[in-house]
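Keep the viewer open as you read.

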Amino acid sequence: MNPNAHAQAALPQRLRHFIDGQFVDSAETFANLSPIDGRELSRVVEADAAAVDAAVKAARRAQQGPWRDLSASARADWLHRIADGIEARFDDFVAAEVADTGRPIAQARSLDIARGIANFRTFADLLRTAPGEFFETATDDGGKLLNYVTRKPLGVVGVISPWNLPLLLFTWKVAPALAMGNCVVAKPSEETPTSATLLAEVMRDIQLPAGVFNLIHGHGANAAGEWLTRHPGVDAITFTGESKTGSAIMKAVADGVKNVSFELGGKNAAVVFADADFDAAVEGVLKSSFTNAGQVCLCSERVYVERPIFERFVAALKEKTEALKIGSPYDAGTTTGPLISKGHREKVLGYYKLALAEGATVVTGGGVPQFGNACDEGAFVQPTIWTGLPDDARCVTEEIFGPVCHIAPFDSEDEVIRRVNDSAYGLAASIWTTHLARGHRVAQQIETGIVWVNAWFVRDLRTPFGGAKLSGFGREGGRHSMDFYSELTNVCVRIA
Ligand code: NAD
């Protein structure tokens, strides 16, 4: 039996755009392929420039019509209705995410879809509770000024998202953009179009005013993604994806001087001090290197372990890694699914080969697992650990975005801080130590947007999120999202 059959049954077979409150077709289509076994899951329509234009115009009409004039409280109600709508079709969303990505079902339930819902609820609640800004100022002539800050929507926001956490990252942008009174034209990754289509069905079913949320499907460069960034009717672009794509988008928006927010790639480090809770650190690094087959922007591909516990740590992580169960998410006990596509697998396997040329010792993995079933047509690779590479090896400096880490020993705090910071990226780091002051001290010196101490990939959605250097700029999350998705006006009134 086709292992995808039960999931596919509930999912649309032709994924269409959602423009001005209607599902809209395009003549051109492309295949949405399963990373589990390579079969075609659905046909996806490819937007032409006219479809992108229609979506932007619909968003503009809606923004200047009903949406902009809604009270914050009424917009918050809509966000909760969207969250309710996802909740009501929770299992369909799980099926979509598992079919498109091959991730373990438990992860789709507890992380992806749960966070999709939380994104809408969090920004709805923030809208209702956001404090205002007021200042009284004395003037030279003995008078008094009252300053207060108002927020206006930016207008039409273009949302472009990647494939690694499809609904989670898509809604992470759509929710605050809508919350602040903008209308959106959103393009999910061409690799993972299904959950965004289900979200459009939710928008239709709850009768969100037409044009407030528009979905276009298609590719990036010289296609729907790029046309969206270049469209003069788009006021801001919020993008998550590769650093080189961020660079291309930055050039595309330069002429229009559009606002941009970029959440880009990473080459994140985990630092394990000899005083760490050993078992917690091994478990933490196992998660930070191999969750979602290493396809989380926050995953650690560089692991630094203090020399006295280096050998023991490598052996313990090897044992745990070899106990991961790779395979179809529809098989009981699977912990690790495939990469997103055979194309991405070629890239990751290229690094597996390069590591050998660069002199790595392969502690475990390094190849492609054999299943003897349909999964042999999927995009699986073995979780892999290397040691022995120099800090300037390409496998230690470039983002691979697969289930792989390199472990290196270190001798002092200053040395490891220098090595962690010696990176073109600056997204995330995790530190494992039981020394309280050291945890804080090291965290303060690491040049990344987020530093975890004795934790990884846990978040409070009110905190700022983003990266330094090639990992992007701008911060989203909580009031930082509210700032990005609105134009602030200071109103200054002489009151005396
Ligand atoms: P990608 O940059 O290839 O594609 C992301 C999106 O951009 C897709 O929707 C794609 O169609 C579109 N796109 C591609 N070229 C474009 C162009 N020229 N103009 C406009 N749109 C274009 O990224 P990906 O492979 O889908 O995702 C993986 C990358 O995303 C990794 O580098 C990962 O680190 C990064 N990422 C970062 C974060 C973060 O929060 N910092 C989160 C998740 C993923």
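A quick word on burial before we start: a residue counts as buried under 20% relative accessible area, exposed over 50%, and partly exposed in between, using a 1.4 Å probe and protein chains only. What you're looking at is a predicted model, where local features need pLDDT of at least 70, side-chain atom pairs count only at pLDDT 80 or more, and totals for chains, interfaces and linings use all residues. Residues are numbered from 1 along each chain as its sequence is written, and side-chain values use heavy atoms, with hydrogens and water left out.

With burial settled, go to E263, which is buried at a relative accessible area of 4%. This glutamate forms a salt bridge with K173, their closest N and O atoms being 3.7 Å apart; the term means a side-chain nitrogen of Lys or Arg within 4 Å of a carboxyl oxygen of Asp or Glu. The pair ties together distant parts of the chain, 90 residues apart: E263 sits in strand 12 (residues 259-263) and K173 in helix 6 (residues 166-179). Helices here are DSSP runs of H or I with at least four residues, strands are runs of E with at least two, and both are numbered from the N terminus. K173 is buried too, with a relative accessible area of 0%.

Why do such contacts turn up? Side chains of opposite charge can pair when their charged atoms come close. Searching the whole structure gives 37 salt bridges.

Another one to find joins R121 and E87, at 2.9 Å from N to O. Again distant parts of the chain are linked, with R121 in helix 5 (residues 105-129) and E87 in helix 3 (residues 72-88), 34 residues apart. E87 is partly exposed, at 41% relative accessibility.

D37 and R39 also meet through their side chains, in a salt bridge of 3.3 Å from N to O. D37 is buried at 8% relative accessibility, whereas R39 is partly exposed, with a relative accessible area of 36%. For something beyond a pair, look at D275, E413, R438 and R441, which are linked in a network of salt bridges.

Now for the backbone. D20 is partly exposed, at 30% relative accessibility. Q207 isn't a glycine either, yet has a positive phi of about 60 degrees. You'll find Q207 in the loop between helix 7 (194-205) and strand 10 (213-215), where Q207 counts as exposed at 64% relative accessibility.
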